[in-house]
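This report describes the fold of a single protein chain and the surroundings of selected residues.

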Amino acid sequence: ETNRTKKTITPRMAATTVVQELLNSKFCTGELLLTVVTGSTAYGLKVQSSDCDYFGVYAARAAVVFGLFQGGPSSFDVHNPTDATVFEAGKFAALLLQGNAKAIEGLYN
């Protein structure tokens with residue numbers, strides 16, 4: 001009999017899974033570039049009643065960026081059952097240049 005080790009799911013692994021599922025549900029084609037756990041979980045302030053908040057950035061396919069095909073939204077928020085915010089890379093870059101606090105926080109978590 002082999003000794004199997006139980007794989008631990010980290011918050012970052014969970015974030016990647018949740019954000020990828022959201023992209024798929026919004027018909028966003030492209031590559032997931034960044035996933036981050038935000039909110040109380042990220043800052044070690046999570047209590048039993050806390051939810052988990054996620055943040056993500058994806059790169060749309062070139063055909064979508066150049067307007068050849070209709071793509072998914074440039075950003076979207078989901079609040080039930082998990083809280084997540086996802087930005088297309090171009091929108092994310094524009095928000096960073098504007099000094100958007102949520103976008104900047106995503107870089108440091």
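The accessible surface of the protein chain comes to about 7300 Å², and carbon and sulfur atoms account for 56% of that area. The model is a predicted one. Of the chain's 109 residues, 31% count as buried.

**Overall architecture**

The protein chain contains five helices and four strands. Along the sequence these elements follow the pattern α-β-α-β-α-β-β-α-α. Among contacts between residues at least 6 apart in sequence, 58% join residues at least 24 apart.

Strand S4 spans residues 83–88 and includes Thr-85. Ala-84 also has its place in strand S4. Thr-85 is buried, because its relative accessible area of 5% falls under the 20% limit. Ala-84 has a relative accessible area of 1% and is therefore buried by the criterion of under 20%.

The side chain of Thr-85 also takes part in a polar contact: its partner is the side chain of Lys-102, at 2.8 Å.

Helix H1 covers residues 11–25 and contains Leu-22. At 12% relative accessibility, Leu-22 counts as buried. Leu-22 and Thr-85 are 63 residues apart in sequence, yet their C-alpha atoms are 9.5 Å apart in space. Ala-84 and Val-19 are 65 residues apart along the chain, with 7.3 Å between their C-alpha atoms.

**Relative accessibility of selected residues**

| Residue | Relative accessible area | Class |
|---|---|---|
| Ala-84 | 1% | buried |
| Thr-85 | 5% | buried |
| Leu-22 | 12% | buried |
| Ala-42 | 33% | partly exposed |
| Lys-46 | 47% | partly exposed |

**Helices H4 and H5**

On the H4 side, Phe-92, Leu-95 and Leu-96 take part in the contact, and they meet Ala-103, Ile-104 and Leu-107 of H5. The residues of this contact divide into six nonpolar, no polar and no charged. As a general point, an α-helix has 3.6 residues a turn, so residues three or four places apart point the same way.

Both ends of H4 have features of their own. At its start, a side-chain oxygen of Glu-88 reaches to within 2.8 Å of the backbone nitrogen of Gly-90. After H4 comes Gly-99, with a positive phi near 80°.

Helix H2 covers residues 39–42 and includes Ala-42. With a relative accessible area of 33%, Ala-42 is partly exposed, since the value lies between the limits of 20% and 50%. Once its neighbours within four places in sequence are left aside, Ala-42 is in contact with Val-37 and Asn-109. Ala-42 and Cys-52 are 10 residues apart in sequence, and the distance between their C-alpha atoms is 8.9 Å.

Lys-46 is placed in the loop between H2 and strand S2, the latter covering residues 53–60. Its relative accessible area of 47% makes Lys-46 partly exposed. Apart from neighbours within four places in sequence, Lys-46 is in contact with Ser-40 and Thr-41.

How values were computed: Residues are numbered from 1 along each chain as its sequence is written. This is a predicted model: local features need pLDDT of at least 70, side-chain atom pairs count only at pLDDT 80 or more; totals for chains, interfaces and linings use all residues. Side-chain values use heavy atoms; hydrogens and water are left out. Helices (H or I, at least four residues) and strands (E, at least two) are DSSP runs, numbered from the N terminus. Buried means under 20% relative accessible area, exposed over 50%, partly exposed in between (1.4 Å probe, protein chains only). Contact means heavy atoms within 4.5 Å. Accessible areas come from the Shrake-Rupley method with a 1.4 Å probe; for residues, only the protein chains shown count as cover. A polar contact is a pair of N or O atoms within 3.5 Å; within protein, one must be able to donate a hydrogen and the other to accept it, and residues adjacent in sequence count only if both atoms are side-chain atoms. Ala, Val, Leu, Ile, Met, Phe, Trp, Tyr, Cys and Pro count as nonpolar, Asp, Glu, Lys and Arg as charged, and the others, Gly among them, as polar.
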